[in-house]
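Subject: Structure handover

Hello,

Here is the structure I promised to pass on. Please open it next to this message, and read my notes after it.

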Amino acid sequence: MEWKKNDRVTVEITDIGTEGEGIGKLEGFILFIKDAVIGDIVEAKIMKSKKNYAYAKLEKVITPSPFRVQPRCKSHRQCGGCQLQALHYEKQLAFKQDKVKNHLLRIGGFSEAEIDSVMEPIVGMEEPFHYRNKAQYPVGRDKEGNPIAGFYAGRTHSIIANTECFLGRKENKEILDTILNYMREFHVAPYEEESGKGLIRHILIRTGFASGEIMVCLVLNYRGKAGTVQYLPHQEILLERLSKIQNMTSVSININTENTNVILGKETHTIWGSDTIRDSIRVRNMQKPDMDFTGDKLEFAISPLSFYQVNPLQTEKLYSLALQYAGLTGKETVWDLYCGIGTISLFLAAKAKQVYGVEIIPQAIEDAKANAARNGISNAEFFVGKAEEVLPEFYERHKGKAESAGIFESLPALTADMLYPDVIVVDPPRKGCDEKCLSTMLKMAPSRIVYVSCDSATLARDLRVLCDGGYELKKVRPVDQFGHTVHCECTALLVKR
Ligand code: SAH
């Protein structure tokens with residue numbers, strides 16, 4: 001049977017798609033239905049039909065799934081942020097565990113037996129709400145012209161007014177309401193994408209979970225004089241009000257006058273309080289990750305532009321796992337590729353002889369150095385550049401030079417250690433590691449490779465390359481950093497055969 005647009009169908013949802021949508025089958029014909037939950041029987045309307053499959057719109061849940069829960073957020077269907085809020089959290093975790101397993105199977109080409117012998121159960125959250133330390137709200141107008149802040153509706157740029165996101169901190173609402181009230185009172189215009197007019201584009205809020213310190217950064221379409229101190233009309237009144245909010249530590253503005261989707265511009269100025277907020281990350285004992293801390297912790301200073309993991313409690317578990325997989329005793333030389341502001345590097349440095357971090361963004365490396373100093377760590381060195389360039393250049397230069405002069409044995413010990421490190425840790429962005437980076441890692445032949453990944457598809461692809469190059473996959477463990485979304489972090493350990 002073929003189905004066409006506007007046909008209504010009744011179907012049981014038997015699977016979850018990669019975007020969190022429900023999947024049902026009718027006589028071999030596959031239906032993708034957003035907002036339908038695995039286990040539901042639903043009525044849906046076909047929106048777009050192809051030969052073997054169609055996208056359909058959820059019209060009515062006829063029999064709700066035992067895994068269906070009441071979502072807390074009223075905007076969860078429109079908002080592009082959460083895809084799984086209607087699914088029981090335990091089932092979300094099972095979905096992520098399966099997703100990683102499937103990628104290892106289909107993309108990595110590992111056998112089911114192999115995967116089952118190395119894969120550990122996903123590390124879930126104790127409380128999967130209010131876990132994010134960072135939120136970025138676009139600012140616009142409602143139909144009456146009032147300023148609003150909220151979220152983009154999935155895949156669009158229309159703003160849904162909502163100052164109460166259940167993934168973010170509860171305090172964010174008070175901050176947003178303060179700013180919106182000020183905008184209304186003093187007729188401060190929100191930015192309009194079409195005309196390029198208006199002042200306030202985005203509100204960025206960050207909180208240090210451990211310190212409680214709050215940072216607010218207003219992204220402005222500011223075209224006034226440079227070097228000024230007054231970026232907003234009646235700025236002193238806004239600052240007076242914001243500074244009264246408990247734990248407010250830093251208020252800044254960021255200038256972005258470009259017609260772009262990129263939220264932040266390059267220039268930031270502190271207009272009240274401190275330039276940074278502090279946060280600390282504790283090392284956990286991963287045998288009992290929810291309760292057991294080793295006593296070690298690291299402190300970081302975070303500025304509006306620096307990258308910092310968004311889920312600090314799960315980050316502790318992720319890093320502690322990476323540290324455990326690295327198996328350090330104090331004698332090791334370690335490379336940490338894609339090191340960001342040096343968070344993992346500094347975790348490793350406390351337990352290794354020497355750590356070398358590589359990161360593409362110069363400002364992040366500046367932060368990494370400052371963070372090392374802040375924690376009294378002197379055995380971590382950082383390099384700016386692409387991992388796929390810094391590592392091969394270093395390797396070819398030193399190895400080539402030493403070999404051609406026949407002095408390989410007499411290489412300075414430090415350089416030899418760097419050429420043949422004990423451990424390499426990588427934590428690349430979603431696209432994974434560059435081939436050149438992987439092939440150089442294989443040449444450097446560390447005893448262990450720890451791969452931290454935010455995309456299990458590229459993880460599986462890269463693990464295959466490393467395993468074909470002489471490594472054995474020993475452990476894989478997903479860590480849920482992003483509850484209610486389809487995203488998932490993962491750590492893997494490879495050991496040289
Ligand atoms: N390990 C860090 C950062 C991980 S995010 C942490 O946990 O906080 C990935 C990092 O890789 C980002 O900081 C990004 O700027 C950096 N990056 C992206 N492409 C890169 C490349 N080709 N070479 C080196 N770093 C890169």
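I start with strand β19, residues 448-453. Five of its six residues are buried, so β19 is largely enclosed by the rest of the structure. Buried here means under 20% relative accessible area, exposed means over 50%, and partly exposed lies in between (1.4 Å probe, protein chains only). Helices (H or I, at least four residues) and strands (E, at least two) are DSSP runs, numbered from the N terminus.

Before going on, the ground rules. This is a predicted model, in which local features need pLDDT of at least 70 and side-chain atom pairs count only at pLDDT 80 or more, while totals for chains, interfaces and linings use all residues. Residues are numbered from 1 along each chain as its sequence is written, and side-chain values use heavy atoms, with hydrogens and water left out.

**Around β19**

Strand β18 (residues 423-426) runs parallel to β19, and four bridges join the two. Two strands count as paired if DSSP finds at least two bridges between them. V426 has Y451 of β19 as its bridge partner. Helix α10 (residues 435-444) belongs here too: β18, α10 and β19 make a right-handed β-α-β unit. Right-handed means that, with the strands pointing away from the viewer, the path from the first strand over the helix to the second runs clockwise.

Strand β21 (residues 489-496) also pairs with β19. This pairing is antiparallel and has six bridges.

**The open sheet**

These strands sit in an open sheet of seven. Its order is β17-β16-β15-β18-β19-β21-β20, with mixed pairing. β17 (380-384) and β20 are the edge strands, each pairing on one side only. On average, neighbouring strands of this sheet are turned by 15 degrees against each other, direction ignored. Axes are lines fitted to C-alpha atoms, for helices over the stretch in contact, and angles run from 0 to 180 degrees between N-to-C directions.

Strands β15 (residues 333-337) and β16 (residues 354-359) run parallel, joined by five bridges. V334 stands opposite V355 of β16. Helix α7 (residues 362-374) lies across β16 and β17, at about 170 degrees to β17. Contact means heavy atoms within 4.5 Å.

P421 is worth a look. Its place is in the loop between α9 (413-419) and β18. P421 is buried, with a relative accessible area of 3%. Which residues does P421 touch, not counting those up to four places away in sequence? They are T333, W335, M444, A445, P446 and S447. The C-alpha atoms of P421 and T333 are separated by 5.1 Å, although the two residues are 88 apart along the chain.

**The barrel**

There is also a closed barrel of five strands, running β1-β2-β3-β5-β4 with mixed pairing. From one strand to the next, the twist averages 50 degrees. β1 (residues 8-16) and β4 (residues 41-49) pair in the antiparallel sense over five bridges. E12 stands opposite I41 of β4.

E27 lies in the loop between β2 (22-26) and β3 (29-33). Is E27 buried or exposed? At 69% relative accessibility, E27 counts as exposed. Its phi is near 45 degrees, a positive value in a residue other than glycine.

**Helix α1**

Helix α1 (residues 89-106) has 18 residues. From first C-alpha to last, α1 reaches 26 Å, close to the 26 Å expected at 1.5 Å a residue. The expected span is 1.5 Å times one less than the number of residues. Among the buried residues of α1 are Y89, L93, F95, K96 and V100. Their cover includes β1, α2 (112-118), α11 (456-468), β20 (471-479) and β21.

**Two single residues**

H130 sits in the loop between α2 and β6 (134-141). H130 is buried, at 18% relative accessible area. The phi of H130 is near 55 degrees, again positive in a residue other than glycine.

S250 is in strand β11 (residues 248-255). S250 is buried, with a relative accessible area of 1%. A polar atom of the S250 side chain lies 2.7 Å from the backbone oxygen of S274. Leaving out residues up to four places away in sequence, S250 touches residues including I214, V216, W272 and I277.

Best wishes

Definitions and conventions:
Polar contact = N/O pair within 3.5 Å; in protein donor to acceptor, adjacent residues only side chain to side chain.
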